[in-house]
Amino acid sequence: MEESPINDPGKAGKTHQQAAENNVPKSGERPDQGAAPTNDHYRPDPQHERDESVIPAPDVANAKYHHPILAQPPEAPTGLRLEQRATVAAGVTAVLKSMEFSWGESGVSRGTQVLLKMNQKDGFDCSSCAWPDPDDHRSVAEFCENGAKASASDADSKPAGPEFFAQHSLAELSKMTDRDQNNAGRLTHPLVKRPGDNHYSPIAWPDAFQLIADNLNALDSPDEAVFYTSGKVPNEPAFLFQLFAKMLGTNNLPDCSNMCHESSGAGLSPTLGLGKGSVTLNDIYEAEVILIIGQNPGTNHPRMLTALQKAKKNGAKIISVNPLLEAGLMNFKNPQDFMNPIKALGALLGDGTQITDLFLQVRVNGDMALLRGIMKHLFEAEDMNPGQVVDRGFIAEYTTGFESFEQNIRNTSWEDIEELSGISREKLLEAANLLARKQKIITCWAMGVTQQRQGVQTVQEIVNLHLMKGAIGKPGAGTCPVRGHSNVQGDRTMGIWEQPTKEFQDALGKEFNFTPPYEHGYDTVEAIKAMYKGKTKVFFSLGGNLLAAGPDTEVIAEGMRKQKLTVFVGTKLNRGHLTTGETSLLLPCFTHADIDMQKSGQQMTSCENSMGVVSQNKGVLVPLEGQMMSEVAIISGVAIATLGERTNIADWVAMTENYDVIRDHISRVIPGFEKFNEQLRQPGGFYLPNGPRERKFTTKNGKANFTTTELEKFQVEPDQLILMTVRSHDQFNTTIYDYNDRYRGVHGERRVLFMNPQDMADRGIKAKDLIDITSHYKGEQRTVEKFIAVPYEIPKGNVSAYFPEANPLVPVGSVAKVSNTPTSKFVVVTVVPTRKTVGAPLEQRLAVET
C-alpha cells in the first residue's frame, strides 16, 4: 500500500514542494501516464434492452395553465435588441465582462481572489468547462470570460436562506426567469417541502438524512430510486455517490454525460478501446491540421482559442465544420495579450488571429456525409499517388476492417454526400487537399456531433479518417472530444455509469466487502421514462438541473411530480428545484471555490479534464454563513443513516474526516490511480493511462477497428425545418447568467429562433415577429409559443434556438442509436406566426392566474 497522508493529518490537503518541470512532458513527447488501462467496452447495441414503449406527447403549449409551478421558463419578453453578428471572439470586451461579472457577484476582493486562484496548480478547478490547463507555465489569469462568470456565480456573496424561501412560494419562484433564479444567491440552509406545502422551510441536517433513509428503506426494490449526477461534481464525492447507490443495490446512475458525450464513448470504445480522447494539450500545438466539428469554442470552451492560436503560429491549418458562423471560429483576440505591453496595442486593434482557414457550413445532421466526402476524395488522391495519402503500414499493423470500410466510402455517391451535407464536391476537395499529405491531424468535436441520430456513427467516421491516415498515437495527432463540464469525464471514471463493467464492480465489491449489483440500470432517458411511468419513487440529484438539461421538459416535470421524494443537492436555486415530488429536500453544498474544512484540516478534491489529467481542486473562499456542507459529508450522512449496520460506518466517518481515505480506496479500485494521493500532490496533477495515445488499443481484439457505417437519408415535408438547440454566450449548460448572446448579436432576450432569411420569407415571417414552433415526431406534436424570429446566416431548411427554452420540443423517444443520447441537434419542426387562438380557454387561464 502506498504511503498515504492519512497517516499524518498534517499533510491533509498539502502539495508536494517539487519542481513542476519534473512531470511536464516536453513538446513532441508523450506524457508519463503509466500502463495502458483496462478496456471500457460498450454493449454493441443495447437498444433492445431499453423501454421502447411510446410516451404520449405532453400538452406543452397549455402546461402553464395546468400547473401553477412552471416547468418551462416564462414566456414574457425581456426586451430584444439585435446587432450585427460578431466576427472576433474575446478581446478587451471579454476582459471587461469577466471583471463585471466577478466583481458584481462577489465584490472586488472576493472576486479577485477567486480569479487569481482559478486553474492554478495550487488552486481550484474552474467549475465550467473541462478544457485542460497547460502542463508547464500558467498565466496569472488562467481563465476565460465564461469561467469567470461561473466562478463569480459560485462566489456569490448574497445568501438565499430560509427567509428568502419563506417570502416566495414555489409557484412565485417558478415565474422568475432562470437568470433571476440563479442570481437570487447562494443556498445556505437545508430546506424541506412537505406534502401539500408550497414553500421550502428549514430542516435540520440529521432530520434530512433520516427522511432520505426512511424513503429509501421503504422501497420495494432499490431500483425504485434514481441517483442523478452533474458533471460539476469532483471525483471524491462522485466515487462515494456511486458506492452508496450500489451498496443500496442499484445501478440507476444516470448523469449529464448520457445527454452529451455518451455518443463519443459509444463510438470510441469499440474502435479504439477507450471512450476518451487520445490527445494532450501539447498535441494541439504540434498539429498540422485541426478539424473542429460541431463545436463552438468561443462560447463553450474559450480557453481552447489560446491553444488554437498557438497552433496557428506553429503553422497549423484549421478546418471548421458548423451550421452557424460562430465568432470563435473566425478570429480571436487573446485577452492575455492585453497584459503584455508589447502585444497590447496589436490586441486592441485589428481582427486578431484568424482561426479558420476553411469553413464548411454544413447542414444540421450532415457531418457524417461531409466526412465521407472528404475520405472519398482522399481515396481518389491515393489512387493517383499510391502510398502517399493512406498510411497502409499503420493499417496493416494496427487495424482491422479496412477493406469493408474502404468499399463503403467508395460506394457512397457524390449526390448523397452533397445533398445531405449541403457542401459541394469542390469545397470538400479543398478540405481533403489540406489533409492529404499530413498525418499530424487532430479532430475536435462536441454536441453538434453527438446529439444527432447518427452521432455514434459520425464519431466512428471521425475515427475512420484518423485510422486511414495513421493519425493517432503520435505527437500532434489523435481524437479530441471536448467535454462540456468540469468533471463530467472524471465522474464516469469514478463509476458513475448505468452499465458498469464486471471488472469495476468486482474491484469495488472486494474493496468494500459487499456484493454490488451487476444488472444495468437506467441512463438519463430511461430514468425519465421510468419516473414518468411511476416505476420509481425517489429521485436524488447530486448537482445539476435535469428538468432544464433533459429532453421533453413537461415529461420530466410529470415524472418529478410522481415521486414520493425528490432530493436536490446544489449551490444555487434553479428551476429543477421547484417541480418536485410529494416531499422534497433542497440541500446546500460547497462549490469548488469554497474552503472545505473537516476534522483533519482543509480538504482538497480532484477533477479530470478532457485530456485525462487529474489535478487538485482546493478552495480559497471562506463559505458564507449558514449550514452548508461538503458533498462528501452529505453523501456520507445519507449513507450512514440509510445503510446503518449494513455498511462500515467507521469507514464512512473516516472518509468524511479526511478525503485522502477516499483516494486510498480509489487507488485500489480504479486502474491508473495507483498512488493517487502522492500523484495528486504533484504540481499540475497527473495523466491517466491512455492506450490509444500510445497505439495500445484495448479493444476486444486488441486492434483499432475501422467501422462500416450506414449513411441514413432523411426526408422532411416541404414546410418542415430541422432545429438544433445551442447555448447563448451568457450561459453555461443550464445556468443562465444574462439574456445576451453578443457574438450572435442578440441582446436582452432568449426566446429567439435563428432562421434563414429565405425560410422566413417563404412563411411570411419578418424579423422580430412572434412565432410558434411545433416539433413533429412519429405523428405527435409539441408546441412552444411566443418565440421571436431572428434572421441569421444558417443553411436553408435549418433553424436554431437556445436550450432550455427549446427543450420541450425534443421528444424523449428521439435518441441517437446505441448511445441513447437525446437528438437535440435534429428536431423536425414547423414554424408559423403566433396565433392568438392558441392556448387554453379563458376561464382555465383565469383560474390558474387567480
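The model is predicted, so to speak, from the outset: local features need pLDDT of at least 70, side-chain atom pairs count only at pLDDT 80 or more, and totals for chains, interfaces and linings use all residues. Residues are numbered from 1 along each chain as its sequence is written, and side-chain values use heavy atoms, with hydrogens and water left out.

We can begin with the sheet. Its 5 strands form an open arrangement in the order E12-E9-E8-E14-E15, with parallel pairing. Helices (H or I, at least four residues) and strands (E, at least two) are DSSP runs, numbered from the N terminus, and two strands pair if DSSP finds at least two bridges between them. At the edges are strand E12 (358–360) and strand E15 (478–481), each of which pairs on one side only. On average, neighbouring strands of this sheet are turned by 15° against each other, direction ignored; axes are lines fitted to C-alpha atoms, for helices over the stretch in contact, and angles run from 0 to 180 degrees between N-to-C directions.

Helix H10 (residues 262–272) packs on the sheet and touches strand E14 (441–445) and E15, its direction making about 160° with that of E15; contact means heavy atoms within 4.5 Å. Helix H21 (residues 455–469) lies across E8, E14 and E15 and runs at about 175° to E14.

Within the sheet, strand E8 (residues 289–293) and strand E9 (residues 317–321) run parallel and are joined by 5 bridges. Val-289 has Lys-317 of E9 as its bridge partner, and Ile-293 stands opposite Val-321 in E9. A further 3 bridges join E9 to E12, again in parallel, with Ile-319 partnered by Leu-358 of E12. Because 4 of the 5 residues of E9 are buried, this strand is largely enclosed by the rest of the structure; buried means under 20% relative accessible area, exposed over 50%, and partly exposed in between (1.4 Å probe, protein chains only).

Elsewhere, Thr-229 lies in strand E7 (residues 225–229). Thr-229 is buried, with a relative accessible area of 0%, and its contacts beyond four places in sequence include Phe-241, Pro-254 and Asp-491.

Lastly, the axes of helix H24 (residues 524–532) and helix H26 (residues 553–561) come within 7 Å and cross at roughly 55°. The contact is made by residues including Ile-528 and Met-531 of H24 and Val-555 and Ile-556 of H26.
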